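I set out to look up several features of this structure and to record each in turn. My entries follow the order in which I consulted them.

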Amino acid sequence: MALISLEDLDGLDDEQLDDDITDNPEPMEEDDRLLRHWQAVASTHQVSVPAEMTGPIHEMARNSQQREPVPFAPVSRHEKMGEVQYEERVYPAGHWACVTRGEKLYEQSISMAFMKLMRFICKDNSKGRYLGMTVPVVSHIHMMEDGKTFQKDVLTAFFLPAEFQSDPPQPSDPDITIVHREPFRVITRPFFGTTTEETVTRQIEALWEIVGLTDDLRRDDYMVAVYENPSVPRRRNEIWFIRRHL
């Protein structure tokens with residue numbers, strides 16, 4: 001999820017948006033502007049944003065300041081000359097809404113998956129309401145046998161807000177599944193900028209150089225965590241290496 005995201009209208013407050021709704025019963029000019037902006041961002045990665053995404057985009061924009069962090073327990077923090085090299089964390093068991101896509105490009109897969117998750121978050125669910133947003137949204141990458149090439153199928157996952165963990169809302173879209181994941185332990189390293197197959201591959205190689213080869217870390221699966229809107233020039237992401245055992 002990484003190329004179509006959440007923060008395109010942080011500058012507009014709720015009062016202004018409410019005025020637009022009250023004063024103009026026709027399709028709002030501001031909604032059109034938002035949609036065009038998202039379409040422009042997505043087009044750079046050969047992804048189309050359909051007009052029916054206007055509602056979810058508007059809902060996300062209205063709630064852009066309210067994001068719940070995915071909980072975790074810190075294990076350790078490794079620094080070199082004052083710079084953080086990587087952190088180790090344990091993420092708890094919990095329910096995730098997951099979508100798997102297998103588009104031509106990695107960035108297309110995560111974009112298409114996130115649009116589905118947006119609709120689920122914005123009322124296209126059994127609760128019939130906006131669920132709230134958690135960050136990061138995480139993409140799970142599976143590697144080919146050569147250990148260097150991404151498989152086409154990419155799973156993109158959204159951690160359900162705490163309010164819904166005990167009673168998960170069910171998606172209307174059959175492509176979305178609610179999965180209960182057991183706790184998992186990861187080594188994480190931040191990076192900034194875009195998340196394409198090329199940039200993610202570089203980050204994987206860089207973290208292996210830091211941690212060194214070890215059988216305790218998986219080499220067939222990685223995760224990419226995305227925290228910020230793609231229009232941010234140096235947006236925050238993390239590469240996650242998965243430990244085989246807690």
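Which element gives the most to the lining of the second largest pocket? I noted first that the model is predicted. I then found that helix H5 gives the most to this lining, with four residues.

**Entry 1: the second largest pocket**

I looked up the volume of the second largest pocket and found about 170 Å³ of space in it. I listed its lining as Met143, Gly147, Lys148, Thr201, Ile204, Glu205, Trp208, Arg219 and Tyr222. The elements that give two or more residues to this lining are H5 (197–211) and S10. Sorted by class, the lining of the second largest pocket has four nonpolar, two polar and three charged residues.

**Entry 2: the largest pocket**

I next turned to the largest pocket, for which I noted a volume of about 230 Å³. I recorded 13 residues in its lining, and Glu182, Pro183, Phe184, Arg218 and Ile242 are those that lie nearest its centre. Strand S9 (184–192), strand S10 (217–226) and strand S11 (236–243) are the elements that give two or more residues to this lining.

**Entry 3: helix H3**

Is helix H3 largely enclosed or exposed? I checked residues 54–62 and found that seven of the nine are buried, so H3 is largely enclosed by the rest of the structure. The buried residues of H3 are Thr54, Pro56, Ile57, His58, Glu59, Met60 and Ala61.

**Entry 4: strands S2 and S3**

In what sense do strands S2 and S3 pair? I found that S2 (residues 73–80) and S3 (residues 83–91) pair in the antiparallel sense, over seven bridges. Within this pairing, I located histidine 78 opposite tyrosine 86 in S3. I also noted that S2 and S3 form a hairpin with two residues between them. In the turn, methionine 81 has a positive phi of about 55 degrees. As background, I wrote down that side chains in a regular strand alternate between the two faces of the sheet.

**Entry 5: cysteines**

How many disulfides does the structure hold? I found zero disulfides. For reference, a disulfide is a covalent bond between the sulfur atoms of two cysteines. Cysteine 98 counts as buried because its relative accessibility is 3%. Cysteine 122 also counts as buried, at 12% relative accessibility.

Note on methods
Residues are numbered from 1 along each chain as its sequence is written. This is a predicted model: local features need pLDDT of at least 70, side-chain atom pairs count only at pLDDT 80 or more; totals for chains, interfaces and linings use all residues. Side-chain values use heavy atoms; hydrogens and water are left out. Buried means under 20% relative accessible area, exposed over 50%, partly exposed in between (1.4 Å probe, protein chains only). Two strands pair if DSSP finds at least two bridges between them. A disulfide is a pair of cysteine sulfur atoms within 2.5 Å. On a 1 Å grid over the protein atoms alone, a cavity is a set of points where a 1.4 Å probe fits but cannot get out, and a pocket is an open set with protein on both sides within 12 Å along at least five of seven lines; lining residues have an atom within 4 Å of a point. Grid points are joined across faces, edges and corners, and a volume is the space filled by probe spheres set on the points. Ala, Val, Leu, Ile, Met, Phe, Trp, Tyr, Cys and Pro count as nonpolar, Asp, Glu, Lys and Arg as charged, and the others, Gly among them, as polar.
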